[in-house]
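Q: I would like to go through this model with you, helix by helix. Could we start once it is on screen?

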Amino acid sequence: YISSNILLPLGGFLIAVFVSYYWGIDKAAAKLKQGAEKFYAKYPWMEIFWKFFIKYIAPVLILIVFLKSIGII
């Protein structure tokens with residue numbers, strides 16, 4: 001229960017916050033693009049979507065999953 005319902009969502013939330021606010025979303029996007037140049041050349045909007053999703057959407061959704069798993073929601 002502790003590992004699947006508490007530690008996994010908490011770890012995902014902390015990773016999303018670390019990547020977007022501490023490490024820097026631009027540095028993470030540069031590392032993500034290494035080896036996937038053809039993909040990002042074909043879909044240039046994907047980088048903008050990824051940056052927005054990791055910075056704003058993912059932490060909120062992971063927090064909702066965490067609160068639901070511990071029974072608050």
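Q: What span do the end C-alpha atoms of H1 have, against that of a straight helix?
A: The ends of H1, which has 32 residues, are only 35 Å apart, C-alpha to C-alpha, short of the 46 Å that a straight helix would reach at 1.5 Å a residue. The expected span is 1.5 Å times one less than the number of residues, and helices here are DSSP runs (H or I, at least four residues), numbered from the N terminus.

Q: Before we go on, what sort of model is it, and what are the conventions?
A: The model is predicted: local features need pLDDT of at least 70, side-chain atom pairs count only at pLDDT 80 or more, and totals for chains, interfaces and linings use all residues. Residues are numbered from 1 along each chain as its sequence is written, and side-chain values use heavy atoms, with hydrogens and water left out.

Q: Where is the kink in H1 centred?
A: On Trp23, with a kink of about 105°. The bend at a residue is the angle between axes fitted to the seven residues ending there and the seven starting there.

Q: And H3, what about its span and kink?
A: H3 has 25 residues and reaches 33 Å from first to last C-alpha, close to the expected 36 Å. A kink of about 45° in H3 is centred on Phe53.

Q: How do H1 and H3 pack?
A: H1 (residues 2–33) and H3 (residues 45–69) pack at about 170°, with axes 8 Å apart. The axes are lines fitted to C-alpha atoms over the stretch in contact, and angles run from 0 to 180 degrees between N-to-C directions. H1 is therefore roughly antiparallel to H3, a term for angles over 145 degrees.

Q: Which residues of each helix are buried?
A: In H1 they are Pro9, Ala16, Val19, Ser20, Gly24, Ile25, Ala28 and Ala29; in H3 they are Ile54, Ala58, Pro59 and Phe66. Buried means under 20% relative accessible area, exposed over 50%, and partly exposed in between (1.4 Å probe, protein chains only).

Q: Changing topic, where does Gly71 lie, and is Gly71 buried or exposed?
A: Gly71 lies in the segment after H3 and is exposed, at 56% relative accessible area. Gly71 and Asn5 are 66 residues apart in sequence and 10.0 Å apart in space, C-alpha to C-alpha.

Q: Which residues do ring pairs link into a cluster?
A: Phe39, Tyr40, Tyr43 and Trp45. Rings of Phe, Tyr and Trp (its six-membered ring) pair if their centres lie within 6.5 Å; planes under 30 degrees apart count as stacked, over 60 as edge-to-face and the rest as tilted.

Terms used. Helix = DSSP H or I, 4+ residues; strand = E, 2+ residues; numbered from the N terminus. Parallel < 35°, antiparallel > 145°, perpendicular 65-115°, else oblique.
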